[in-house]
Amino acid sequence: MTALKRLFSEGFRIFFLAAGLFAVLAMALWERWIAAQALGQEAGFPAAAMPQHWHAHEMIFGFGGAALAGFFLTAVPNWTGAKGAPHRFIALVAALWLAGRLALWFSGGLPPGVVALADLAFAPVLAGQLLEQLIRKPKAQQMILLALLALFWTANLLTHLEWMGLTGTLWAGLRGGLLTLGAMIMVLGGRVTPGFTRNAMVATGRDSRLPRNPAPLAAVSIAASVGVAAGYLAGLPEPVLGGLAVVAGLAGLARVALWRSGWTWDKPILWVLHLSYAANAAGFAMLGLAGLGFGSEIAALHLLGIGGVGGMTLAIMSRASLGHTGRPLVAPRAVALAYALLPLAALLRYLGSAVPGAHDPALLLAGGLWMAAFALFVVRLWPVWWAPRLPRAAAD
């Protein structure tokens with residue numbers, strides 16, 4: 001098998017590579033525009049959308065979409081025992097994702113309907129493949145992820161409907177898309193974080209106090225977070241959304257408090273899961289408080305987006321890339337450094353929105369840390385995505 005064919009042989013290879021590269025490129029384009037504005041200079045921007053709207057959309061649906069595709073195309077065959085998607089299908093889905101990114105960037109010279117069609121084609125094709133596999137062994141905890149993918153697509157549709165001049169749903173779509181990613185972390189992160197931690201603790205045999213993950217608390221955190229995401233798309237009143245977000249956040253924080261996070265301090269590939277889940281939950285709680293009149297909504301959204309979604313995405317992509325290529329589940333030093341940079345970026349971006357006068361410097365510094373984190377991720381794992389699986393598999 002050639003290296004190029006191998007890159008498209010499993011979903012995590014091409015899509016985690018694409019997510020990492022796009023995380024750096026899209027942020028660099030956004031930072032360039034911000035710096036030019038701060039210096040009073042003109043910065044060419046070919047997208048039809050306002051730069052801040054393009055930035056939000058591409059971080060959510062561009063970067064987030066690539067990460068979701070890589071995860072689903074890798075995890076679903078493992079869940080169902082089905083054969084993975086053929087390399088031609090993976091290449092097709094990757095081409096659709098790339099077409100959406102190019103259409104958004106050059107949307108200033110394209111009809112809005114063409115841009116929408118190019119960007120919205122990706123998720124349904126992916127979902128069709130996943131449904132075909134999941135329907136063989138349907139389980140509620142897995143089918144909910146397919147429902148969240150549909151919610152994610154609907155949020156993207158709402159953004160395009162406003163760009164097409166048909167509705168006024170841009171902000172509902174952007175917030176709904178980000179919060180759908182946050183809800184997926186409540187589901188997936190709430191499953192893998194205590195599970196991976198438990199496995200590691202059992203393997204050492206040195207501690208009998210294992211993580212606890214009460215089902216009622218999990219149900220509250222998941223139901224409330226999904227309710228917030230769907231509520232933004234449905235246009236529920238702000239006090240209702242705020243209350244749901246507070247409940248989701250507090251339930252999430254209560255869950256992670258039971259997962260023995262302190263035990264993981266010297267294991268970066270584990271503590272990044274705990275910290276990212278906590279940041280995601282804190283983002284929900286702070287968003288809810290902002291909706292009730294306390295604090296900054298933008299600051300809360302960026303804490304959730306950078307610390308929660310960005311951190312958990314980096315954690316899962318790096319762990320899956322190592323594990324599914326037979327490498328030890330130990331974060332390389334460069335990747336461990338990337339884990340540490342994202343919480344700092346989240347803190348700086350939060351301060352940039354919450355502290356008067358700190359916006360532009362904090363935004364630029366936070367963006368620089370984000371780019372550094374994903375550049376380290378790409379550079380260190382680049383050879384892993386192109387290389388064959390090692391004969392000795394690394395077990396979780």
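Visitor: Which residues lie nearest the centre of the largest cavity, and how many line it?

Guide: The largest cavity has 15 lining residues, with Leu68, Ile185, Leu188, Met312 and Thr313 nearest its centre. This is a predicted model, where local features need pLDDT of at least 70, side-chain atom pairs count only at pLDDT 80 or more, and totals for chains, interfaces and linings use all residues. Residues are numbered from 1 along each chain as its sequence is written, and side-chain values use heavy atoms, leaving out hydrogens and water.

Visitor: What makes a space a cavity and another a pocket?

Guide: On a 1 Å grid over the protein atoms alone, a 1.4 Å probe fits at the points of a cavity but cannot get out; a pocket is an open set with protein on both sides within 12 Å along at least five of seven lines, and lining residues have an atom within 4 Å of a point. The largest cavity holds about 230 Å³ of space, and the largest pocket about 650 Å³.

Visitor: Which classes make up the lining of the largest cavity?

Guide: Twelve of its residues are nonpolar, three polar and none charged.

Visitor: Why are the buried residues of α5 said to line one face of the helix?

Guide: The buried residues (under 20% relative accessible area, 1.4 Å probe, protein chains only) of α5, residues 112–120, are Val115, Ala116, Asp119 and Leu120. Seen down the helix axis, they fall within an arc of 115°, so they line one face. The arc is taken from the directions from the axis to the C-beta atoms.

Methods. Buried means under 20% relative accessible area, exposed over 50%, partly exposed in between (1.4 Å probe, protein chains only). Helices (H or I, at least four residues) and strands (E, at least two) are DSSP runs, numbered from the N terminus. Grid points are joined across faces, edges and corners, and a volume is the space filled by probe spheres set on the points. Ala, Val, Leu, Ile, Met, Phe, Trp, Tyr, Cys and Pro count as nonpolar, Asp, Glu, Lys and Arg as charged, and the others, Gly among them, as polar.
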